[in-house]
Amino acid sequence: MIELWAPKARRVRMRSGADLTRETELTAGADGWWRAPADLADGERYGFVLDDGELRPDPRSRRQPEGVHAASAWVDTDAFAWTDAGWTGRQLAGGLIYELHLGTFTPEGTLDAAIERLPHLVELGVSHIEVLPVNGFNGVWNWGYDGVAWYTVHEAYGGPAGYARFVDAAHAAGLAVVQDVVYNHLGPSGNYLPEFGPYLREGTRNTWGDSVNLDEPAVRAFIVENALMWLRDYHVDALRLDAVHALHDERPVHILREMAEAVDALSAHVGRPLTLIAESDMNDPTLILPREAGGYGLAAQWSDDWHHAVHVALTGETSGYYADFAASDALEKVWTRGFFHDGTYSSFRERHHGHPIPAEVPTWRLVTFTQDHDQIGNRAAGDRLSATLSPDRLAVAAVLTLTAPGTPMLFMGEEWGASTPWPFFTSHPEQWLGEAVRKGRAEEFAKTDWDESLVPDPQDPTTFQSAKLAWEEAETDDHARILALYRDLARLRRERPELTDPASGHLSAAIERPDAAPSARRFVLGRGALRIVVNLAAEPWHVPLAAAEDVLLATVPVSPAAGAVTVPADAAVVLGPPLG
């Protein structure tokens, strides 16, 4: 049975077959739904004609072989021979997330090529692979946030069959898959949904375009069913929900709570953990509070505050939204309390912002990171920390990231201090759209302290090519040293229960030089019996050792003597009692 929600149409026909000449008339039903009996073969092309218009792809298309403007291809969801029957999933607590973009993770930029790199992630100690959006967009390469075909897998990556192979291989390697999904807007090219029905709310926009119409039950169902599709049909373990603060929802039950309830029900049915992680600019713990406590019941949310506090401490950069995080207590506060802005005044927003996280909320419910796709890619040149920090400071960043109280996340290549940038890139075929992106990007940085001349052309293919990881550098010189450190830190995190203890009451933080510039301060950050000592000052720091305390890990060679350890400039050590 073919079903289509198209309340705007007076007549709907489906065209199918190799030449799209077989025509099937759909019958109108209640609430804007159209239906017809149909039996499409796997791979068969089809599409819909609304009234006397042109052929349009299926809004729930699983595959667009010729792009988002062309006919859909039917996908038999039962055709793939899964081998992960024994996979029981992985909970997020205690995990280590690795964020990657398929087009730039490997030279080939495909799902099958990414499979070949899974052993690297296993050796690194990763538990969850977070994949930037894979749904269909116009063009060949893109960050993925301009998607218009939410149910598809981008053909250049390998399509739905390639995606199934990737998830199956990840599970065989013991890795969970987190899929990044975008429900707050649609891309500018190939968005035919408004022709079918009121998918967008007229007169209401967010940063990226018209808001999705969450007042309409069919649109809400379209979103929730899409979330379930990834988890059910593709065996995905978690979803990262993009910019949920841009979801304009005035219904009594928020779409996030509705989604969480549906996902929890599916999790109970399939017998493995299914996780929802929100990206949110609101600093609002409502997202992760239990539903019985008035929350939405999501598993976790990203913490930009953590990133900002660590970024300022490492780089000294204090322009724009970094300004508030020059405060002497910024790193201490995000270490012990999660959010820096928890009702405090935000100079960037020019208002008070955020709410405190209740003490009973487990610390792993915040995803914390020193680098991610946004914080790198939204810089003028897409420069990573490796472009400006010394290898010693990159090593300190590694320690802060992997000893953090939250669930740590790495951005691809971070683990070896990759030298390649990750700038914003697009491949819009429409000249007008490409020019609009160029102009918008230039105007964005004209309002900042960044040099406009540093902004690469997003439409230039060399911008995309520059973002591809140079895997050959991972085993050379300082890159190899940093990679070894990340592996050691991940191993230490697995071995020491203090580093995955979810209780915020076991956290402590102190600053030894509060009046120094942010990038010249000294910190002692506690996790139970462990102390993480960070020296960002120019002089060595003599730190007394407690009884039975030893150096468990150091970013540079150190030798305890006379009951103390000397931590060199731009170095970090982890102190604690030996296991056993």
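User: Which residues touch the most other members of the largest nonpolar core?
Analyst: Happy to start there, keeping in mind that this is a predicted model. The largest nonpolar core holds 144 residues. Helix 6 (residues 217-232) gives the most to this core, with 10 residues. The residues that touch the most other members are Y163, F166, Y183 and W230.

User: What does Y183 touch, leaving out residues up to four places away in sequence?
Analyst: Y183 belongs to the group that touches the most other members of the largest core. With residues up to four places away in sequence not counted, its contacts are W150, V212, I223, N226, A227, W230, L241, L247 and M259.

User: W150 and F222 form an aromatic pair; how many residues apart in sequence are the parts it ties together?
Analyst: A search of the whole structure finds 25 aromatic pairs, and the one between W150 and F222 has its centres 5.8 Å apart, with 35° between the planes. W150 lies in the loop between strand 10 (128-131) and helix 4 (159-172), while F222 lies in helix 6. The pair therefore ties together parts whose separation in sequence is 72 residues.

User: Are W150 and F222 buried or exposed?
Analyst: A residue counts as buried when its relative accessible area is under 20%. W150 has a relative accessibility of 4%, and F222 has a relative accessible area of 2%. Because each value falls under that cut-off, W150 is buried and F222 is also buried.

User: Which ring does the charged end of R240 sit over?
Analyst: Rings can also face charges here: K333, for instance, lies over the face of F340, at 5.3 Å from the ring centre. For R240, the charged end is 4.2 Å from the centre of the ring it sits over. That ring belongs to W302.

User: How many residues apart are R393 and D570, which meet in a salt bridge?
Analyst: The count of salt bridges comes to 42. In the bridge between R393 and D570, N and O are 2.8 Å apart. R393 is in helix 11 (residues 391-402), and D570 is in the loop between strand 26 (564-567) and strand 27 (571-576). The pair links distant parts of the chain, with a separation of 177 residues.

User: What is the strand order in the open sheet of 3 strands?
Analyst: The edge strands are strand 1 and strand 4 (27-28), each pairing on one side only. Strand 4 and strand 5 run antiparallel and are joined by 2 bridges, and A28 stands opposite W34 in strand 5. The pairing in this sheet is antiparallel, and the order is 1-5-4.

Technical notes. Residues are numbered from 1 along each chain as its sequence is written. This is a predicted model: local features need pLDDT of at least 70, side-chain atom pairs count only at pLDDT 80 or more; totals for chains, interfaces and linings use all residues. Side-chain values use heavy atoms; hydrogens and water are left out. A salt bridge is a side-chain nitrogen of Lys or Arg within 4 Å of a carboxyl oxygen of Asp or Glu. Helices (H or I, at least four residues) and strands (E, at least two) are DSSP runs, numbered from the N terminus. Two strands pair if DSSP finds at least two bridges between them. A nonpolar core is a set of buried Ala, Val, Leu, Ile, Met, Phe, Trp, Tyr and Cys residues joined through side-chain atoms within 4.5 Å. Buried means under 20% relative accessible area, exposed over 50%, partly exposed in between (1.4 Å probe, protein chains only). Contact means heavy atoms within 4.5 Å. Rings of Phe, Tyr and Trp (its six-membered ring) pair if their centres lie within 6.5 Å; planes under 30 degrees apart count as stacked, over 60 as edge-to-face and the rest as tilted. A charge sits over a ring if NZ of Lys or CZ of Arg is within 6 Å of the ring centre and within 35 degrees of the ring normal.
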